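The following report describes selected features of a single protein chain. It should be read alongside the sequence and the coordinates.

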Amino acid sequence: MISSFSNPRIKFIKKLRIKKYRDESNLFYIEGPRIISEAFSNNWKINQVFYSEALIKDNFTRDLVEKLQNENIECLEVDKQVFESFSVKDGPKGIAAVLEQKNFEIQQVCTNPGLWVAVDRIQDPGNLGSILRTIDAVGGKGIILIDHCTDPFDISAVRGSMGSLFSLQIIRISGETFIEFSKKNKLNIIGTSDKARIDYQAISYQKDLILLMGSEREGLSEKLINVCDKLISIPMVGKNDSLNLAVATSICLYEIFNQN
């Protein structure tokens with residue numbers, strides 16, 4: 001049992017809260033039985049599991065630990081206080097894991113056609129997690145993160161996705177590469193803008209398309225607007241002049257889902 005707060009493995013877990021160390025190691029941290037079970041069932045590479053018998057209160061979690069052990073995944077028992085020291089949950093369930101990241105190439109848009117979402121410079125990991133959850137709910141293929149986006153493997157994004165992250169493909173790409181690939185492959189791109197004159201419900205959506213969303217603060221950049229086949233907007237009649245990015249994305253995704 002790991003009982004020391006200064007154990008190198010425990011120190012490393014805490015480092016994974018920082019993007020620099022996630023990027024250097026190509027690893028990330030997740031916590032909780034449901035989300036670990038989702039990662040396992042979707043064949044993500046689990047490097048290590050940390051569990052505390054004193055915190056496990058249900059048979060599902062105990063069975064999960066046993067299942068992971070049977071797969072020869074390194075499962076390390078941790079003292080209750082040590083587990084609580086690196087937990088990101090209020091009332092931790094007693095199981096956490098370190099996983100390898102998965103990143104896909106832009107060619108997946110062509111080889112795995114369907115509904116994709118692309119986001120330009122999203123900054124809030126909670127918003128990203130919510131968008132991932134909705135993409136999964138409507139049967140989307142994945143997300144394209146353009147330019148300087150928040151990290152999809154940030155713990156807030158992972159938790160916000162409620163495990164949907166593990167059933168989707170994540171592509172990180174520069175704006176220039178996205179534009180070049182889009183033009184070369186004649187991708188069907190529907191962009192969103194508060195300046196657009198077309199109501200989001202007024203067009204027909206194909207099954208294979210990219211819904212392109214802008215950043216929380218600035219919306220779509222001009223260079224990305226120019227690659228869109230159509231620009232749509234969500235009507236608003238109140239005093240507020242904008243919607244939360246995750247909410248706006250969900251509204252558009254469910255219209256696409258409804259039509260198809």
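Asp-120 lies in strand β5 (residues 115-120); strands (E, at least two residues) and helices (H or I, at least four) are DSSP runs numbered from the N terminus. This is a predicted model, in which local features need pLDDT of at least 70, side-chain atom pairs count only at pLDDT 80 or more, and totals for chains, interfaces and linings use all residues. Residues are numbered from 1 along each chain as its sequence is written, and side-chain values use heavy atoms, with hydrogens and water left out.

Asp-120 counts as buried because its relative accessibility is 1% (buried: under 20% relative accessible area; exposed: over 50%; partly exposed in between; 1.4 Å probe, protein chains only). Its side chain makes a polar contact with that of Arg-121 at 2.8 Å (a pair of N or O atoms within 3.5 Å, one able to donate a hydrogen and the other to accept it; for residues adjacent in sequence, both must be side-chain atoms).

Elsewhere, an open sheet of 4 strands has the order β1-β4-β2-β3 and mixed pairing (at least two DSSP bridges between paired strands). Since β1 and β3 stand at the edges with a single partner strand each, one side of each is left without a neighbour in the sheet.

| Strand | Residues |
|---|---|
| β1 | residues 27-31 |
| β2 | residues 46-51 |
| β3 | residues 74-77 |
| β4 | residues 95-100 |

Strands β2 and β3 pair in the parallel sense over 4 bridges, and Val-49 has Cys-75 in β3 as its bridge partner.

Definitions and conventions. Contact = heavy atoms within 4.5 Å. Axes fitted to C-alpha atoms, helices over the stretch in contact; angles between N-to-C directions.
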